[in-house]
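The following text is a guided reading for someone who meets this structure for the first time.

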Amino acid sequence: MKKGTLYGIGVGPGDPELVTIKAAYLLQNIKIIFAPFSSKNTYSLAFDIISPYIKRDAQVIKLSFPMTKDKKVLEDAWNENAEIIVSYLNRGEDSAFVTLGDPMTYSTFGYIKKVIEEEYPDIVIKVIPGITSYHAAAARAGKILAESEESFVVISGAMGAEKLRKAIHCADHIVVLKVYKNFSEIKDALKEMNLIDKAVLVSRCGLEGEEVVKDIRSKDITPSYLSLLIIDNKGGLKDE
Ligand SMILES: C[S@@+](CC[C@H](N)C(=O)[O-])C[C@H]1O[C@@H](n2cnc3c(N)ncnc32)[C@H](O)[C@@H]1O
């Protein structure tokens, strides 16, 4: 029996109007939809975003992904979820795995893709790009990410401010995703580097409760998980 194709679909950062036409078209035609959620609750934002587009009789299967740094726990979850997905593909069902923003950028889909490619090489995987959180946030905050000979980098703040300290040597604009846990450390580093007034915080872009904070110095902020920083490092320390 012919196996189904797995579509990794980026659904954009929140606003359902930022779902691409290609993604919406596929979602109107695919019956099996996998939606990731954190094991802390059963809510899937990616599913919420696509709900206006899916078939009435679509079967939505929520897959639990733990929010942990424990490699073993994570790998077990990736393997188990990959097996569930493959069991549907083996029945010949085309299936979609929906993911926030873009599937190739800090996405759970990347891990699933790697496991399936390694363990089930005969399965066809197609990736449908999505609008990233930082492209939507730059538009919302009116921040140009790069022009002319400039460069910008995207880093993760999940481990603290170390990557930011390195990034200021090589980029004119820096985007920091996953800032929520280490926000005060990142803020202190920005102060030290004289960049605190050049940073904009965008939270829940395109969603209820959206916030664009242009003065992060003056506010006592506890950003939500869906928050990122865009830092203007033009004229700053660079090693070119
Ligand atoms: C696991 S990454 C997902 C990135 C996503 N694949 C993308 O292409 O943008 C999660 C981080 O993306 C950022 N993010 C995602 N959606 C966002 C939104 N609507 N507003 C602000 N930041 C968002 C936050 O920094 C969050 O901690």
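The paragraphs below go from the domains to the sheet, then to the ligand and to individual residues.

The model is a predicted one. Its domain assignment divides the chain into domain 1, residues 6-128, and domain 2, residues 133-232. The centres of domain 1 and domain 2, taken over C-alpha atoms, lie 27 Å apart. Contact between the two involves 7 residues of domain 1 and 8 residues of domain 2. On the side of domain 1 that touches domain 2, there are 3 nonpolar, 3 polar and 1 charged residues.

An open sheet of 5 strands comes next, with parallel pairing and the order E3-E2-E4-E1-E5. Strand E3 (59-65) and strand E5 (125-128) each have a single partner strand, so one side of each lacks a neighbour in the sheet, and these two strands form the edges. From one strand to the next the twist averages 25°. Within this sheet, strand E2 (residues 32-38) pairs with strand E4 (residues 95-99) in the parallel sense through 3 bridges. Ile33 has Ala96 of E4 opposite to it.

Helix H1 (residues 21-29) lies across strand E1 (6-10), E4 and E5, and runs at about 135° to E1. Helix H4 (residues 108-119) lies across E1, E2, E3, E4 and E5, with an angle of about 145° to E4.

Which residues come nearest to the ligand? Of the 23 residues around the ligand, they are Gly101, Thr132, Ser133, Leu177 and Cys205. Helix H5 (133-141), strand E8 (199-203) and strand E10 (227-232) are the elements that give two or more residues to this shell. By class, the shell around the ligand holds 11 nonpolar, 9 polar and 3 charged residues. Both domain 1 and domain 2 contribute to the shell, with at least three residues from each.

Helix H5 has several buried residues, namely Ser133, Tyr134, Ala136, Ala137 and Ala138. The cover over the buried residues of H5 includes strand E6 (152-156), strand E7 (173-177), E8 and E10. Apart from its neighbours within four places in sequence, Tyr134 is in contact with Val154, Val175, Leu177 and Leu228. Just after H5, Gly142 has a positive phi of about 70°.

Strand E8 is mostly covered, with 5 of its 5 residues buried. Ala199, Leu201 and Ser203 point one way from E8, whereas Val200 and Val202 point the other way, and all are buried. Such an arrangement can be read with a general rule in mind: in a regular strand, side chains alternate between the two faces of the sheet. E8 runs antiparallel to E10, to which 5 bridges join it, and Ile231 in E10 is the bridge partner of Ala199. E8 also pairs with E9 in the antiparallel sense, over 3 bridges. There, Val202 stands opposite Val212 in E9.

Ser148 is in the loop between H5 and E6, and has a positive phi of about 50° although it is not a glycine. With 5 other C-beta atoms within 10 Å, Ser148 is exposed. Lys178 is in the loop between E7 and helix H7 (183-192). The phi of Lys178 is near 50°, a positive value in a residue other than glycine. Is Lys178 buried or partly exposed? Lys178 counts as partly exposed because 16 C-beta neighbours lie inside 10 Å. Lys214, in the loop between strand E9 (211-213) and E10, has 13 C-beta neighbours inside 10 Å and so also counts as partly exposed. From C-alpha to C-alpha, Lys214 and Ile155 are 20 Å apart in space, and they are 59 residues apart in sequence.

Terms used. Residues numbered from 1 in each chain as written. Predicted model: local features only at pLDDT ≥ 70, side-chain atom pairs only at ≥ 80, totals over all residues. Pairing = 2+ DSSP bridges. Helix = DSSP H or I, 4+ residues; strand = E, 2+ residues; numbered from the N terminus. Axes fitted to C-alpha atoms, helices over the stretch in contact; angles between N-to-C directions. Domains from an automatic or database assignment. Nonpolar A, V, L, I, M, F, W, Y, C, P; charged D, E, K, R; others polar. Near = placed C-beta within 6 Å. Buried ≥ 20, exposed ≤ 12 C-beta atoms within 10 Å, placed from the backbone.
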